[in-house]
Amino acid sequence: MEQIIKTAAKNVKLVLILLCLLSFSSPILIANELPLKTIAITEIVSHPSLIQAKKGILDVLKENGYASGNNLTVLEANAQNSLATAALIAKKWVSQKPDVIVPISTPSAQTVIKAARGTNIPIVFASVTDPIAAGLVSQLTGNDFISGITDSPPLQEEWALIQALLPNVKSVGVLYNPSEANSAKTLALFKDRAPSSIKIIAVSVNNTNDIKNALNSMIGKIDALYIPSDNTVFSCLPTLVKLTRQHQLPLFSSDPDSVKQGVLACIGYTQYEVGRAAGKQVLQVLKGKTALPIMTPEKMSLVVNETTAKALHLHIPSELLGLSVLVVHKDS
């Protein structure tokens, strides 16, 4: 009788061990059960904001069982801020016929859509300010193989933020690359939403080498500087932050992620949230859905850099514009 009890107890232990092993391995089993898929990602340039967008996309796929190197092949390429290179990347990805192409940024989306025309390869773009103005689509719904997420800034709220932090502001400068459709469109809307009492001084740059001279040309003429989601300007943001601090010039941006790098403040959509929203659309495409609507993320953030605020001798309240303020304590 004692031997029977011992044998039964040993069998129970074995069953429990097997159940534990199955519970730990179930995510891997689920991932293996999903069909093998390939996504091709292209970025116009490497800077922290676009990196966050890509991270958001891949995080959503991983959370839903698509693991890179397991049941998902991720092709990646960076154009190093060259439109010619972006066009070559687009053609290469189209020739490989992936399940979906994911261009991050307006220039990358433009080259991919041009290269993929007539192929019916699904495209999900991310970090595009205005897809209609950029010529990506003619409408935000009903596009059979093109969908994506826009990061169009809430400019009315951004103006309210600038005035809340700088109540005596009289003039605001803008740095932008006119060849980037997203920047030109944002500038036009920024001017349109500007209070009548504030003067806008916009200076264009063609490459990163123009940034310092462009900024110097505005010193003494502006009370603050605003930068749209411009890939040329953002690729040398650390330099711009350093220069504006030297001149005690408040720097605002349309990208909340840039606040971590030293921009004073921003209200808008973080690129990680843009990426996560795009990732959800990529997931739907991998499941066979198309004709998805072009959307904006649901969550908006108001972020302030405390280090920059102190350097400018500005007080930051715990709440602005009815939103809680996320305070970044140092440059990362």
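Modeller: Let us begin with a term: the bounds of a domain come from an automatic or database domain assignment. The model before us is predicted.

Colleague: From which domains does the lining of the second largest pocket draw at least three residues each?

Modeller: Domain 1 (37–151 + 270–295) and domain 2 (155–268 + 300–328) each give at least three residues to that lining. The second largest pocket holds about 200 Å³ of space. Its lining comprises 14 residues, and N81, L83, N177, S179 and E180 lie nearest the centre.

Colleague: How do the residues of this lining divide by class?

Modeller: Nine are polar, four are nonpolar and one is charged.

Colleague: What volume does the largest pocket have, and which residues are closest to its centre?

Modeller: Its volume is about 280 Å³. Of the 14 lining residues, A277, K280, M295, T296 and E298 are the closest to the centre.

Colleague: Which helix supplies the largest share of the lining of the largest pocket?

Modeller: Helix α10 (residues 271–286) does, with six residues. By class, this lining has five charged, three polar and six nonpolar residues.

Colleague: Let us turn to a single side chain. Why does T244 count as buried?

Modeller: A residue is called buried when its relative accessible area is under 20%. T244 counts as buried because its relative accessibility is 2%. T244 belongs to helix α9 (residues 237–246).

Colleague: Which residues is T244 in contact with, leaving aside its neighbours within four places in sequence?

Modeller: With those neighbours left aside, T244 is in contact with L215, L225, L249 and L251.

Note on methods
Residues are numbered from 1 along each chain as its sequence is written. This is a predicted model: local features need pLDDT of at least 70, side-chain atom pairs count only at pLDDT 80 or more; totals for chains, interfaces and linings use all residues. Side-chain values use heavy atoms; hydrogens and water are left out. On a 1 Å grid over the protein atoms alone, a cavity is a set of points where a 1.4 Å probe fits but cannot get out, and a pocket is an open set with protein on both sides within 12 Å along at least five of seven lines; lining residues have an atom within 4 Å of a point. Grid points are joined across faces, edges and corners, and a volume is the space filled by probe spheres set on the points. Helices (H or I, at least four residues) and strands (E, at least two) are DSSP runs, numbered from the N terminus. Ala, Val, Leu, Ile, Met, Phe, Trp, Tyr, Cys and Pro count as nonpolar, Asp, Glu, Lys and Arg as charged, and the others, Gly among them, as polar. Buried means under 20% relative accessible area, exposed over 50%, partly exposed in between (1.4 Å probe, protein chains only). Contact means heavy atoms within 4.5 Å.
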